[in-house]
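Subject: Structure handover

Hello,

Here is the structure for your files. My notes on it follow below.

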Amino acid sequence: WETDKSRLMPRLWQLAALAALLCFTAGGTLLLNTRTENITVLWPCNGLTLGVLLLAPRRHWISYISVAFAVDLAVNIVNAGAGFTLTLEILLSLCNMLEVFLALIALTRVLPAIPDLTLSDQLLKFFFFAVLLPPALAALLACSLVALYSHPSAFAGYGSWFAADALGIAIMTPLYLALSGRYPLRKRTPREIFGLFLMIVLLTVIVFGQDKYPLLFAIAPLL
């Protein structure tokens, strides 16, 4: 959505829209999470939040991050595992916000104001500074907190935690930027947009419609 750079805070409907989108994506993700206990196979909320922040003026960042934190904490509390205290849930939500903030700061420094992820140099920077490094650090911190407060064997889930966050950013951030109307998607014809959307839908059905092959990585290249 468009943002008014002269306002100190986003409009109320923009904050509400972000909260609704995050609740919707988190709810959908948890419905698909039928084979793991406390770590989803994909966590799209961080990627969505990052996309919103990349298009927002700096003065609005704290408002959007506060909304994202509140939704994340609510989801964590509702989906809390055994031994997960409120303190731990708050800390884990802060880990997610740290992940988003690290990626945001890095991308605003290495990418132009209107990035084009179809360019190889910008795509590589996005991959390293958003998809790879922040999720790796956040997952390490989150596993450390869980091991300290609840389950000493938490590091066994590090790979799944990292993959879920990394995949969420790899999918949701480019998708949000493309659909924002100010990014390269607007250069495509309606037929191209419909074709790309159809391919994403079909591939998503194939990926999540079976559990024999790990095909989650196949979605990102289409974005």
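The accessible surface of the chain is about 12000 Å², and 71% of that belongs to carbon and sulfur atoms. Accessible areas come from the Shrake-Rupley method with a 1.4 Å probe; for residues, only the protein chains shown count as cover.

Two points on conventions. This is a predicted model, in which local features need pLDDT of at least 70 and side-chain atom pairs count only at pLDDT 80 or more, while totals for chains, interfaces and linings use all residues. Residues are numbered from 1 along each chain as its sequence is written, and side-chain values use heavy atoms, with hydrogens and water left out.

Overall layout

The chain has seven helices and zero strands. From the N terminus the order is α-α-α-α-α-α-α. Helices (H or I, at least four residues) and strands (E, at least two) are DSSP runs, numbered from the N terminus. Of the 223 residues, 42% count as buried. Buried means under 20% relative accessible area, exposed means over 50%, and partly exposed is in between (1.4 Å probe, protein chains only). Among contacts in the chain with a separation of 6 or more, 67% join residues 24 or more positions apart. Contact means heavy atoms within 4.5 Å.

The cores

The largest nonpolar core has 39 residues. Leu22, Leu50, Leu53, Tyr64, Phe126 and Ala130 touch the most other members. At least two residues of this core come from each of helix H1 (12–32), helix H2 (45–55), helix H3 (61–78), H4, H5 and helix H6 (158–179). H6 gives the most to this core, with nine residues. Another core, of 11 residues, lies apart from it and includes Leu88, Leu92, Ala139 and Ala142. A nonpolar core here is a set of buried Ala, Val, Leu, Ile, Met, Phe, Trp, Tyr and Cys residues joined through side-chain atoms within 4.5 Å.

Not counting residues up to four places away in sequence, Leu50 touches Val100, Ala103, Leu104, Leu107, Ala130, Ile169 and Thr173.

Then Val131, in helix H5. Val131 is buried, because its relative accessible area is 8%. Leaving aside neighbours within four places in sequence, Val131 is in contact with Phe126, Phe162, Ala166, Ile169 and Ala170. Val131 and Ile169 are 38 residues apart in sequence, with 5.9 Å between their C-alpha atoms.

The nonpolar surface patch

Leu98, Leu102, Phe127, Phe128, Leu132, Leu133, Leu137 and Leu141 make a nonpolar surface patch of about 630 Å². Patches are made of residues with over 30% relative accessible area and no salt bridge; like charges are joined within 9 Å, nonpolar side chains (Val, Leu, Ile, Met, Phe, Trp, Tyr) within 5 Å. A salt bridge is a side-chain nitrogen of Lys or Arg within 4 Å of a carboxyl oxygen of Asp or Glu. Helix H4 (86–110) and helix H5 (120–149) each supply at least two residues of the patch. H5 gives the most, with six residues.

Leu102 is in helix H4 and Leu133 is in helix H5. Leu102 is partly exposed, at 34% relative accessible area. Leu133 is partly exposed too, at 36%. Beyond its neighbours within four places in sequence, Leu102 is in contact with Pro134 and Leu137.

The aromatic pair

A search of the whole structure finds one aromatic pair. Phe128 and Phe129 form this pair edge-to-face, 5.0 Å centre to centre, with 90 degrees between the planes. Rings of Phe, Tyr and Trp (its six-membered ring) pair if their centres lie within 6.5 Å; planes under 30 degrees apart count as stacked, over 60 as edge-to-face and the rest as tilted. Phe128 is partly exposed at 39% relative accessibility. Phe129 is partly exposed at 27%.

Two loop residues

His151 is in the loop between H5 and H6. His151 is partly exposed, with a relative accessible area of 32%. The C-alpha atoms of His151 and Phe84 are separated by 8.9 Å, and the two residues are 67 residues apart along the chain.

Thr85 is in the loop between H3 and H4. At 40% relative accessibility, Thr85 counts as partly exposed. Thr85 and Val146 are 61 residues apart in sequence and 10.0 Å apart in space, C-alpha to C-alpha.

Best wishes
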